[in-house]
Amino acid sequence: MNHKTNMTLAVFGLGHVGLPTALGFADLGWNVIGVDSDRSKVESLTKGHVPFFEDGVDSLLKKHLKSDKFVVSSDSNWAVNQADILFICVATPEYKDGSADISQIENLAYQLRDSIKSYKIVIQKSTTPVNTAEKIRIILSQPKENEEVQSADKFVDVVVIPEFLREGKAIEDFFNPQRIVVGLDDMSLKETIINLYMPLFQKIGKEEQDLMIFTDTRSAEISKNAANSFLATKLSFINMVSDLCLKVGANIDSVSRSIGADPRIGTDFLKAGIGYGGECLPKDLNSFIDSGKTNGVNFSILEEVQKVNDNRVTVYLSQIKDTLPNLKDMSFAVWGLAFKPNTDEIRNSPAINIINKLIEEYAKLRLYDPLAMPVFKNQIGTSELISFASDPIDAAVDSNGVLILTDWPQFKEQDLSKLFQVMKTPIIFDGRNMLDRDFVTESGFEYYGLGI
Ligand code: UDX
């Protein structure tokens, strides 16, 4: 398969990882078949509609449906037989005990095994606990039903190329990777994988050795788990320090800047606040803790990371209650629902947790988020204590406080004198430490950040 210029790729699972990956490779010139078992998703994508928000995906989808570089199908058997390389991008949700549920991957592996008739490379992109690639390899090498001889084994190689795409920036990250980790147990596959990424290297003017890290499949799986767990650790560390700043009247932003100036620490992921959320960090951390347990390794440091993050909501709510002890019938403007800006993702968003706790205390909430309100209505529903606003100022009319729960840049640009006029009591609880304390207090507000 070396140095083919007309390879066909099939990407299984068209979610936040699979769809950007499929469209990215189509944009690089490969023929790509996107496969999903959800027929309504396939139907919607075929018509050019992306069923979730991800910046840039919409236009790439339209472009490559038109260019014929990308087709969508629910017929996995057909796709397997058209393609040279098969990407596994299905979800790995978590079980209640925090371990990763890899059943979607296993079921897909059985399907692939039954369809494969000639040599394929199977690339595992889904985030998985260590040794999942080996499990896939074993499934692919088991005899098909009613067959005695081993079938796909001699036809299939399994490679792990974990995704490091951020939600909301998946396309940007696809085209500007910091590294491409490739886990191979057979180094003779190296050339084919380099060939797959060659159009990207040419496009961005980089060499393979600038970006590719070749290793074994287990190390590649651990690299992804460890990267997200390390990011979570950095966040819980700074959040822990911000609690001390809050207690003694110090400023966590200055501390972050001071320690981040050391390149061994780095400035990113040092913004203290109500904690991390989303589909990846919490789940990947839990799964990594479970891998430690399963393999008899003490990962207690990560258990503490999780505890610190879980406690962020309590720290934030205590601040509100210390200021406004009786929450019943208090009205709050909630600025931000998504777990971070530029996405409509609310899974594991600390904002949702805070909203639920305030509702339990009968506080009235008027919500605003530039993207996530439809998803909120859909997934969480509404209650008589909740209403939805058309903009941040509208959310604050007659309120006793503004709660900033997502650091959308537009929240910084609000007209503070207007805000002051519409609020019943001008108090801001800045859960993302995004406003300038001095500027806000000079404008007449009471201001509470988390350690600033
Ligand atoms: C993460 C990884 O960054 C990405 O590489 C991986 O592929 C998927 O998981 P994502 O879940 O999109 O990406 O979120 P990320 O941008 O990492 O942010 C995670 C959380 O940390 C958000 O809730 C964000 O608000 C919070 N955060 C981030 C902070 O609280 N402070 C910071 O300084 C940075």
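Predicted model: local features only at pLDDT ≥ 70, side-chain atom pairs only at ≥ 80, totals over all residues.

How are H10 and H13 oriented to each other? Helix H13 covers residues 300–323, and its axis lies 9 Å from that of H10, at an angle of about 50°. H10 and H13 are therefore oblique to each other. Their crossing is left-handed.

On the H10 side, the contact is made by Ser-229, Ala-232, Thr-233, Ser-236, Asn-239, Met-240 and Asp-243, and these meet Leu-302, Val-305, Val-308, Asn-309, Arg-312 and Val-315 of H13. Sorted by class, the residues of this contact are six nonpolar, five polar and two charged.

**Other helix pairs**

H13 also packs against helix H14, which spans residues 350–360. The H13 and H14 axes come within 10 Å and cross at roughly 50°, so this pair is oblique too. Here the crossing is right-handed. From H13, the residues Arg-312, Val-313, Tyr-316 and Leu-317 meet Pro-350, Asn-353, Ile-354 and Lys-357 of H14. Five nonpolar, one polar and two charged residues make up the contact of H13 with H14. If you select Arg-312, you will find that this residue of H13 takes part in the contact with H10 and also in the contact with H14.

Another pair to look at is helix H5 (residues 103–115) and helix H6 (residues 132–141), whose axes come within 9 Å and cross at roughly 30°. An angle under 35 degrees counts as roughly parallel, and H5 and H6 are therefore roughly parallel to each other. H5 passes H6 in a right-handed crossing. In H5, the residues Ile-105, Glu-106, Ala-109, Tyr-110, Leu-112 and Arg-113 meet Thr-132, Lys-135, Ile-136, Ile-139 and Leu-140 in H6. This contact has seven nonpolar, one polar and three charged residues.

| Helix pair | Axis distance | Crossing angle |
|---|---|---|
| H10 and H13 | 9 Å | about 50° |
| H13 and H14 | within 10 Å | roughly 50° |
| H5 and H6 | within 9 Å | roughly 30° |

**The two domains**

Now zoom out to the whole chain. The domain assignment gives domain 1 (8–215) and domain 2 (231–448). Taken over C-alpha atoms, the centres of domain 1 and domain 2 are 34 Å apart. Where the two domains touch, eleven residues come from domain 1 and 14 residues from domain 2. The domain 1 side of that contact consists of four nonpolar, four polar and three charged residues.

**Around the ligand**

Which residues come nearest to the ligand? They are Glu-167, Lys-271, Tyr-276, Cys-280 and Lys-340, out of 19 residues around the ligand. By class, the shell holds ten nonpolar, four polar and five charged residues.

Domain 1 (8–215) and domain 2 (231–448) each supply at least three residues to the shell. Helix H10 (residues 217–248) gives the largest share of the shell, three residues.

Key: Residues numbered from 1 in each chain as written. Domains from an automatic or database assignment. Contact = placed C-beta atoms within 7 Å. Nonpolar A, V, L, I, M, F, W, Y, C, P; charged D, E, K, R; others polar. Near = placed C-beta within 6 Å. Helix = DSSP H or I, 4+ residues; strand = E, 2+ residues; numbered from the N terminus. Axes fitted to C-alpha atoms, helices over the stretch in contact; angles between N-to-C directions. Parallel < 35°, antiparallel > 145°, perpendicular 65-115°, else oblique. Left-handed = near helix turned anticlockwise from the far one by under 90°.
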